[in-house]
Amino acid sequence: MVEMNAPALPSQPLNLAEYHILARAKLPAMVYGYYSSGADDEQTLRDNEEAFKRLRFRPRVLIDVSNVDMTKRIMGIDVSFPLLVAPSAMQRMAHPEGELATARAVARIGTVMGLSSWSTTSLEDVEAHVPGLPKFFQLYVYKDRALTERLVKRAEKAGFRAIALTVDTPQLGRREADIRNRFTLPPHLRLANFDEVNDQSTMKQDSGSGLAAYVASLIDASLSWKDVAWLKSITKMPILVKGVVTAEDARRALQAGVGGIWVSNHGARQLDGVVSTIDALEEVVHAVQGRVPVFMDSGVRRGTDVVKALALGADGVLIGRPILWGLAVNGEEGVVHMLQMLKDEFKLAMQLCGCQRVSDIRRDLVIRNAFAPYDVRQHLGLSMPSKM
């Protein structure tokens, strides 16, 4: 019997997929399982990436792209290109410096960092380490409203630019990798924003996912639109509703006076079988009609994916898991290199599509697949041919 040799690990990653390979080889199984897994059968986890591949470009040619402007202003923040860093929990499991290394990398690239409530570095320490870095604070609403309010006030005092209210997690999705690995936060780490909650012991249990038990003890499943109004009443920061995938909820969010809408399926970690975010994006954009910024995350793995999301109407695109792969492989330098690769891919895609500036990335740049001529006609306002 002939044994097949395992594929060689890349010495210098050329793309995000290679960073993923290296990170998987380096991380403990429990940590990798937590970072990488989706809910149930992971249909949506796969589809988040595959849906981007169903989009095809319609590039324009003979346009001077010797100088390309990738910059954009998002919610009053100037970014070097319209890719932001999504909040990812417990980053010190990937690297000892965790969120601090990510913050330095984000500052070097010139974009915005999302910080998870469940970070292993406190929000104050992130601000002190990289003062003035534009940041969004991801928030769950807890049964203890006083605790929730204190988190919001702390974020405001620390100069965060917005609250990203996660609305798709009344319960934690069923993540079989966490159950199988009996996931728990390693004993040398803590959820640094919750030092006032002395008992984090419910995350350390003998069977199943300790995280699921901990979340169930904290998060309020009764969260509703009235809580958005309450949040607006206690802070001047804009509220971004994170977890919207339908036009109906987008319109309801506008009625609630939110500052932005974040199309997300939580990285496919909640409801398996839910629509991919790039497939959900356009109906949300149509419902919003430019009244507030629309963001999207999940499945972004190439600079071309960023162009596709912008073409479908996103104001900003966020990336999560690959940040963890960069951290695991080489800390701050890994994150910088990974983000710079995406930035370079984004610039090349703009040039090859004939876009001199970000505002040139419009809806007619993409079609749903390579065999959709009628889709193109609809975009261009042309009449459909009559049936024979």
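Which residue just after helix 4 takes a positive phi? Select G110: its phi is about 90°.

Some conventions apply throughout. This is a predicted model, in which local features need pLDDT of at least 70 and side-chain atom pairs count only at pLDDT 80 or more, while totals for chains, interfaces and linings use all residues. Residues are numbered from 1 along each chain as its sequence is written, and side-chain values use heavy atoms, with hydrogens and water left out.

**Helix 4**

Next, select residues 98-109, which form helix 4. Helices (H or I, at least four residues) and strands (E, at least two) are DSSP runs, numbered from the N terminus. Helix 4 has 12 residues and spans 17 Å from its first C-alpha to its last, close to the 16 Å expected at 1.5 Å a residue; the expected span is 1.5 Å times one less than the number of residues. Because 10 of its 12 residues are buried, helix 4 is largely enclosed by the rest of the structure. Buried means under 20% relative accessible area, exposed over 50%, and partly exposed in between (1.4 Å probe, protein chains only). Among the buried residues are E99, R104 and I109. To see what surrounds them, display strand 4 (83-85), strand 5 (113-115), helix 5 (123-129) and helix 13 (321-353), against which the buried residues of helix 4 pack.

Now move to residues 239-244, strand 8. All 6 of the 6 residues are buried, so strand 8 is largely enclosed by the rest of the structure.

**N15**

Finally, centre on N15, in the segment before helix 1 (16-26). N15 counts as buried because its relative accessibility is 15%. Its side chain reaches the backbone nitrogen of A17 at 3.2 Å, and a polar atom of that side chain lies 2.9 Å from the backbone nitrogen of E18. Leaving aside neighbours within four places in sequence, N15 is in contact (heavy atoms within 4.5 Å) with R302 and M341.

Note on methods
A polar contact is a pair of N or O atoms within 3.5 Å; within protein, one must be able to donate a hydrogen and the other to accept it, and residues adjacent in sequence count only if both atoms are side-chain atoms.
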